[in-house]
Every structure is written in structure tokens, then in C-alpha cells.
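Subject: Structure for you to look at

Hello,

I am handing over the structure shown below. My notes on what was found in it follow.

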Amino acid sequence: MIQPFTTSTRTIMTPGPVEAYPSVLRAMGTPILGQFDPEFLKIMQEVKEMIKIPFQTKNEEAFAIDGTSRSGLEAALIALIEPGDKVLIPSYGRFAYLLAEIAERARAEVILIEKEWDSVFQQEDIIEAIETHQPKIVAMIHGETANGQMQPLDKIGVFCRENNLFFMVDTVATYGGVEIKVDEWQIDIAIAGSQKCVSVPAGLSLVTYNDRVKEVIEARYQLELGLSKEIRNERHISSNYLDLSQLQRYWSHEPINHHTEATSMIYALHEGLRLLLNEGIQESYERHLLNDQAIKAGIEAMGLTFYGDLTTKMPTVTPIMIPKGIDGENVRDMLLNEFGVEIASSFGPLKGKVWRIGNMGYSSRKENVLHVLGALEAALLYQGANINSGKAVQAALEIYLK
Ligand SMILES: Cc1ncc(COP(=O)(O)O)c(C=O)c1O
């Protein structure tokens, strides 16, 4: 007899996935509705409107794509790219390389501008690169999860609009936890995900785009052969599953038949967004900032140091240098096995050198912050690290109780 699986309760302080709100998990147990059931269509329309609020946009189009955040990144890029198009991708961390990888597979001419991961770009430098390379699309990451850096975007967006380029931004690690101004920063298409500050399991990507992008997508519309042999298009988008021209219609008031919607995930998203909006997005940003201050105070009090420029660190991720002589993975194992706390390692040049503490969504709570600081201090002392003992939680309490 195969036994049902069991799982432990964890304090998840990674940059995603994070703990889901209990009512999100309950919402997933709601009985299944058919994807075209009027009750489900109403839920979808409410989700569409709610998605727009943390993006701060009046765009008509905003919806969810079944698939993790990279499904949205891929859908966005392949909607705009036609073979040979120039895409400029400034990289200050890991996820810009994901954009480059997707754009390259879509047969774009990719211009990757690389720098050290310890800080963001000066916007003027990107504008200069745009002037030099004259791309059709500029694609960037707002918050780089790998190094915790957050790129200012407003001037780049203005320049792209003035020069009639498309500006695409990955807001996966910031959406819901940090202010994003899609309309004001003149972002043409923005993408987020469910498993970070929306506190929903991984499995959905959120996208919004304006009429400039919509015009391109409409011009590439092709309906699936099984539904019509009439609507063919030489410029059709290269994927069927991630075709925004069809997905946009799927999410319209008169939905076409495309995939079978992951209805339970949409229930979860409805509940996650509902809780976020009921808290208030400004209040959510303030909560993330407060918990970020407490994490930073605790880490500093322990005598540990941060990776990268603190002035451009995003509040949702804190990168910490692993002290010399300490095996970062042993500490992470101890945190998980003895304290039920998960923190993250990092990637590429930061692998083995940096830990990352996430501070996102439902996981961004005072009790989680105090627990991770206490556990990290204890694990480090146990492993012989030379840190200040008894200071971290006190420093965080001072932030909370002042
Ligand atoms: C900034 C950023 N972009 C993209 C992704 C890829 O997201 P997913 O794993 O949901 O496909 C992540 C994942 O952590 C991310 O942090």
C-alpha cells in the first residue's frame, strides 16, 4: 500500500516560493468549476482587474498565464520578437540571462550588456547603449533575485517611448512587495509571478501590456486549426501555448477555446490578490520595508556583511556574505533540519559566497524575521563562526518596538 505523503511545516525565508496564505490553500480546495462556467468567468474577470492594481496600470489587458513566471517572460518576448529583431538586455544578475536565452531561442539578435552583480546600472548608461545599438525591444529585470539589487527604470521607459521602442520588464521579485508604476515608468509589457509577494503557490505568471503591444499582438493573431481554418497569419507567434494573441481572447468577455484553465490555481490567485489588496498595496510595501529593516539590523548586529550596494537593495531580498571558513550549505542544512527554516543560496559567481534571505508576501512577518535571525545566529555559533552573540534578535526587536 502506498502511503499518503507528509510534509513538515516550514518557515520559508527564501526569495520564492514563499509561504502561501492559509486561505489561499483553502481556496484551492474549492470544488472544480468548468472553465466556461459563468461563475468561473466572473472569478477570471475579477482576477483581471485585481492584477492591474499592484502594477499601477490602466491597461485594458492584464491576465494570468498557466505556467511559472518564465512562461510570462517567454510569452511577452515571443509576442514582440520576429526573427532578426534586435533585443537589448542589460544584465546585472542572473535573470537577465534568462531573458537573453529566451530571446536567442526566438531568433532575435541579442545585445547583452553585462556588469558586475553588486550594483545596478546608471540609467544614462543604458540610454547610451540604446542609442548605440538601436534595438526594437529593451528587456530588463526590475528586482534581481540572485543579488537583491533593484534597477531604477523611469528614465529608460521615457527614452524607449520617445524613440518608439518596446520596453519589457520582469517584475517577478517585486510585484506586490515593492512599488511598481507600469504606466508612469512607461513600461509597455510587465510580467510577475504567483509564488513571491502574492503568496500563492508557483504555477501562474501575471502579465499586463498596453495598446502599443496589443497592436503588435493583434497583427499576429492566428486561431488554432482545430477551431478554424480561416484565421491564418504568416507572422503568427511561434508558440501556441504561450500565444498572447489567443490568451488575450481566452481572458476576454467572449472567451475562445484555448487551453483548459487551471481553475484551482485561479481560485488561489483570486484569494492571494484579494488579501493583498485588502491589506492595501501601500501597507504591503510598508510591511516589507519594516521587515527588511529588521532583517538588516539583525544581520548587521551579528557582525555579518551584506553583498552589494545597500542603497539599491530591494526590500524583498537580502544577500549576505557567508563568513570565511563557514560552509554555507552546512548552515542552510542546519537551519532546515533543526529549525524548520529555509533560506537560499545564490547562483553563478555568488554560488557558495552568498546566502539570500527572502522577505516576501505572507512570509514577510515579524515572527518569521525573529525566527530566522535567532536560528541563523544559533547555527553559526554552533558551526564555530566568529559572530556577536545575543545581538541579532535584540536589534530586530528594537526596530519593531521603537
Ligand atoms: C526575477 C525573476 N525572474 C524570473 C524568475 C523565474 O521564475 P519561475 O521560476 O517562476 O519561472 C525568477 C524566479 O525566481 C525571478 O526571481
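**The annotated arginine**

UniProt, in an unreviewed entry, lists Arg 356 under "binding site". This arginine is part of strand S13, which runs over residues 354–358. Is Arg 356 buried or exposed? Arg 356 counts as buried because 23 C-beta neighbours lie inside 10 Å, and the cut-off for buried is 20 or more. Leaving aside neighbours within four places in sequence, the contacts of Arg 356 include Pro 15, Gly 148, Val 317, Thr 318 and Pro 319. Ile 343, Ala 344 and Ser 346 are also in contact with Arg 356.

Please keep in mind that this is a predicted model.

**The chain as a whole**

The protein chain has 13 helices and 13 strands. Its C-alpha trace spans about 70 × 60 × 45 Å along the principal axes. For 402 residues, a compact globule would have a radius of gyration near 21 Å, and the protein chain has 22 Å, so the two agree. Of the 402 residues, 50% count as buried. Among contacts with a separation of 6 or more, 73% are between residues 24 or more positions apart.

UniProt also has a domain feature, "Aminotransferase class V", placed at residues 36–345 in an unreviewed entry. Over that stretch the chain is 42% helix and 16% strand. The end C-alpha atoms of residues 36–345 are 42 Å apart.

**The annotated lysine**

Lys 196 is the position that UniProt lists for "modified residue: N6-(pyridoxal phosphate)lysine", again in an unreviewed entry. Where does Lys 196 sit? Its place is in the loop between strand S9 (189–193) and strand S10 (204–209). Lys 196 has 30 C-beta neighbours inside 10 Å and therefore counts as buried. Not counting residues up to four places away in sequence, Lys 196 touches Gly 16, Val 18, Val 172, Ala 173, Met 360 and Gly 361.

**Around the ligand**

How many residues surround the ligand? There are 13, and the closest are Thr 68, Ser 69, Arg 70, Thr 145 and Val 172. By type, the shell around the ligand divides into 6 nonpolar, 5 polar and 2 charged residues. Helix H3 (69–80) and helix H4 (94–105) each supply at least two residues of this shell.

**Helix H3**

At 1.5 Å a residue, the 12 residues of H3 should span 16 Å. The end C-alpha atoms of H3 are 17 Å apart, which agrees with that expectation. Of the 12 residues of H3, 11 are buried, so this helix is largely enclosed by the rest of the structure. Among the buried residues are Ser 69, Ser 71, Gly 72, Leu 73 and Glu 74.

**Backbone details**

Gly 16 and Pro 17 are joined by a cis peptide bond, with omega about 5 degrees. Pro 17 lies in the loop between strand S1 (11–12) and helix H1 (22–28).

Gln 134 has a positive phi, near 50 degrees, and is a residue other than glycine. It is found in the loop between H5 and strand S5 (137–141). Why does Gln 134 count as exposed? It has 11 other C-beta atoms within 10 Å, and 12 or fewer make a residue exposed.

Asn 164 is not a glycine either, and its phi is positive at about 60 degrees. The loop that holds Asn 164 lies between helix H6 (154–162) and strand S8 (166–170). With 8 other C-beta atoms within 10 Å, Asn 164 is exposed.

**One more loop residue**

Gln 122 is in the loop between strand S4 (109–114) and helix H5 (123–133). With 11 other C-beta atoms within 10 Å, Gln 122 is exposed. Gln 122 and Gln 151 are 29 residues apart along the chain, and their C-alpha atoms are separated by 8.6 Å.

Regards

Terms used:
Residues are numbered from 1 along each chain as its sequence is written. This is a predicted model: local features need pLDDT of at least 70, side-chain atom pairs count only at pLDDT 80 or more; totals for chains, interfaces and linings use all residues. A residue is near a molecule or strand if its C-beta atom, placed from the backbone, lies within 6 Å of it. Helices (H or I, at least four residues) and strands (E, at least two) are DSSP runs, numbered from the N terminus. Ala, Val, Leu, Ile, Met, Phe, Trp, Tyr, Cys and Pro count as nonpolar, Asp, Glu, Lys and Arg as charged, and the others, Gly among them, as polar. The radius of gyration is taken over C-alpha atoms; the globule rule is 2.2 Å times the number of residues to the power 0.38. Two residues are in contact if their C-beta atoms, placed from the backbone, lie within 7 Å. UniProt positions are given in the numbering used here, feature names are shortened, and annotations may be inferred rather than shown by experiment. The expected span of a helix is 1.5 Å times one less than its number of residues.
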